[in-house]
Amino acid sequence: MAAGGGAVRRCWRSGVGLARAVRGVCGSGRATAALRAEELAERLRKSEEQQREIPKDPTQRWLRELATLSQQVQQVHPNVLAKILKQRTVYQNEEIVVIDKPYGLPVHGGPGIKNCIADVLPILAKMLENMKAEPLHLCHRLDKETTGVMVLARSKEAAEKIRLLFKTRQVEKIYWAVVLGDPDPVEGVVEIPIIEKEVQSHQSHYKMTLAPNYRLCPEDGKVLKIRKNRNAERAVTRYRRLASASACSLLELQPITGVKHQIRVHLAYGLGCPILGDHKYSHWSKLAPQKLPELTLRRLKLEQSKARHLPLHLHAHRLCLPLGQPLDFVCKPPLFFQKTLRKLELDIPKD
């Protein structure tokens, strides 16, 4: 019994996952059962160590960190998240607060989302001002994976005023994106309406897509006007190439309109240059990781099988807000974005 009791104590220290082995030892008291329990405990310990092991390869380590970033954001206490946003405040006055939005943080709540910017605005307001401060207000939105300049208002009146500026297209917004391929022409305007459609596949889902007003006649190549889809929204995006290398380009983008996923759809389906890490819009009929050119994979020191961990490389770089006098805000790209630029040898413009 002493041997059996010792095995029980060893199993208990190994964790509740070994409860079944513990019951086996208690029931029989045989040394063979104790041995099996010890082997199981050792196997479990090695498995946990492998899961915690940090990859030696810098690229793999970098991808592991990015893959867990969104999960970590969802696990922190709201007070901690508010403190992070306070540290990322780039400007504030009596009307507005401007933050540098981090990667992987949703603006609004939804299924499976524990933390979002909207939920911590009351806490952030108190941290920035005092305990009697009115909650901050959202003025516009950025996608969960998009980083960069984001404006919050200190009052409902200021929020309504700024929302009107966005609605009437008086706010100048400049984004940077790393894309696959090289746009042709290298500078121009994409003006194609956008509509949301259901994708019929083995995994039915919804995506934004193009709803063009024109098509090419297959017989003679002439441009033909087609009936406008009443559900489509007008969408206009200016773009210009800033750099090109490694089968990728760095683009500067100015969305004139504000349709959902406008930049991503115009780049992927309008120019044929999907954003690096945009797994949603790199294919139409399937949900699958983005397929990267061989040269890009080599420069990133990445295997295609690991491409699913690449984050979306879309950054809200600059925003000009005409509140009395024009207020110009600039946020540098996040570190992962800058690392990608260096690896791909895409030079950041000096201006």
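Colleague: Before we look around, how are helices and strands defined here?

Modeller: Helices (H or I, at least four residues) and strands (E, at least two) are DSSP runs, numbered from the N terminus. In this structure, Ala-133 sits in the loop between H6 and strand S3 (137–138). This is a predicted model, where local features need pLDDT of at least 70, side-chain atom pairs count only at pLDDT 80 or more, and totals for chains, interfaces and linings use all residues. Residues are numbered from 1 along each chain as its sequence is written, and side-chain values use heavy atoms, with hydrogens and water left out.

Colleague: Is Ala-133 buried or exposed?

Modeller: Buried means under 20% relative accessible area, exposed over 50%, and partly exposed in between (1.4 Å probe, protein chains only). Ala-133 has 8% relative accessibility, so it counts as buried.

Colleague: Which residues is Ala-133 in contact with, leaving aside neighbours within four places in sequence?

Modeller: Contact means heavy atoms within 4.5 Å. With those neighbours left aside, Ala-133 is in contact with Ala-125 and Lys-126.

Colleague: And how many residues are in the largest nonpolar core?

Modeller: A nonpolar core is a set of buried Ala, Val, Leu, Ile, Met, Phe, Trp, Tyr and Cys residues joined through side-chain atoms within 4.5 Å. The largest one here has 43 residues, and Ile-117 and Ile-275 are among those that touch the most other members. Helix H6 (residues 117–128) gives this core its largest share, six residues. A second, separate core has 21 residues, including Leu-63 and Leu-346.

Colleague: How many disulfides does a search of the whole structure find?

Modeller: A disulfide is a pair of cysteine sulfur atoms within 2.5 Å. The search finds zero. Cys-139 counts as buried because its relative accessibility is 7%.
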